[in-house]
Amino acid sequence: MEDLPINNDNGQSYGYILYRNTATLTGGAHTIQTIGHVRDLAVFMLDQQRLTGDWKNSAQLNNFGFWPLPDQTFDFNADKGDASYVVDLLVENMARNNYGPPSSFNQKRGLPEGPVLLDNEEVVGWTIFPLEFKSAWVRSLNNWNNSPAPPSTAVNSPTLTKATLSISTEPTDTFITTAGWGDGNRGVVFVNGFNVGRFSGIGPTKTLYIPAPLLSRGDNTILVWSLFEPVTTITFADQPDLGVPLRP
């Protein structure tokens with residue numbers, strides 16, 4: 001991320017990064033491998049359909065697409081037979097280290113440690129899309145696709161869902177409820193272009209705080225970026241849900 005020629009050559013500091021390529025594959029089994037560590041979470045898609053799973057527990061951290069183990073592989077099938085396929089790796093920058101030895105502070109994100117191999121051959125010529133979700137960019141999005149109400153859960157790719165919250169009185173503080181968005185889902189919520197925070201189905205929290213000054217009378221735009229499944233309902237609460245307390 002940090003090496004991209006954007007932001008006055010300062011690169012990308014946060015958000016997501018999409019690596020896209022095309023590959024001519026034969027029908028049947030294939031293997032993709034990320035050399036080195038992923039920084040920090042990668043979603044693999046073929047023809048814009050997600051093939052890697054969602055994230056529900058710590059046991060999955062040893063799988064392809066997660067940061068702890070290097071040189072991970074993922075086996076998949078090219079179901080449409082001999083053809084050209086779009087290969088995508090969408091990587092989330094989850095945070096930065098603030099502890100450990102000096103070597104831990106070499107904290108470039110994305111795929112900084114090595115190439116990607118497809119059937120043991122290095123993939124070159126990636127097209128890279130920085131997804132910083134800056135407020136101005138979020139507010140400028142248009143040409144939205146209409147969807148059923150609620151959207152179809154058959155969509156199997158990262159999605160950005162737009163909804164409108166209409167307020168007829170003076171706005172007050174509220175909380176958006178993330179429960180019901182998928183036990184293994186994760187993403188980010190924007191209110192009128194303002195990033196109110198990330199959510200994770202793992203929890204423990206199941207709400208995000210929306211202070212009254214972010215809202216206005218009339219129509220307010222709610223955007224939900226979700227990595228693993230589309231958000232089909234958006235509800236609000238007057239109290240936070242911080243999950244089950246952990247006691248010593």
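1. Thr-177 has Thr-235, in S16, as its bridge partner; strands here are DSSP runs of E with at least two residues, helices are runs of H or I with at least four residues, and both are numbered from the N terminus. Strand S11 (residues 174-177) and S16 pair in the antiparallel sense over three bridges, where pairing requires that DSSP finds at least two bridges between two strands.

2. This is a predicted model, in which local features need pLDDT of at least 70 and side-chain atom pairs count only at pLDDT 80 or more, while totals for chains, interfaces and linings use all residues. Residues are numbered from 1 along each chain as its sequence is written, and side-chain values use heavy atoms, with hydrogens and water left out.

3. The order S14-S11-S16 describes an open sheet of three strands with antiparallel pairing. Its edge strands, S14 (207-210) and S16 (235-237), each pair on one side only.

4. Another open, antiparallel sheet has five strands in the order S4-S3-S6-S1-S9. Strand S4 (49-50) and strand S9 (127-131) are its edges, each pairing on one side only.

5. Within that order, strand S3 (residues 41-46) and strand S6 (residues 83-92) pair in the antiparallel sense over six bridges. Leu-41 stands opposite Glu-92 in S6.

6. An unreviewed UniProt entry places the feature "domain: Beta-galactosidase galactose-binding" at residues 158-220; UniProt positions follow the numbering used here, feature names are shortened, and annotations may be inferred rather than shown by experiment. Over residues 158-220 the chain is 0% helix and 52% strand, with the end C-alpha atoms 23 Å apart.
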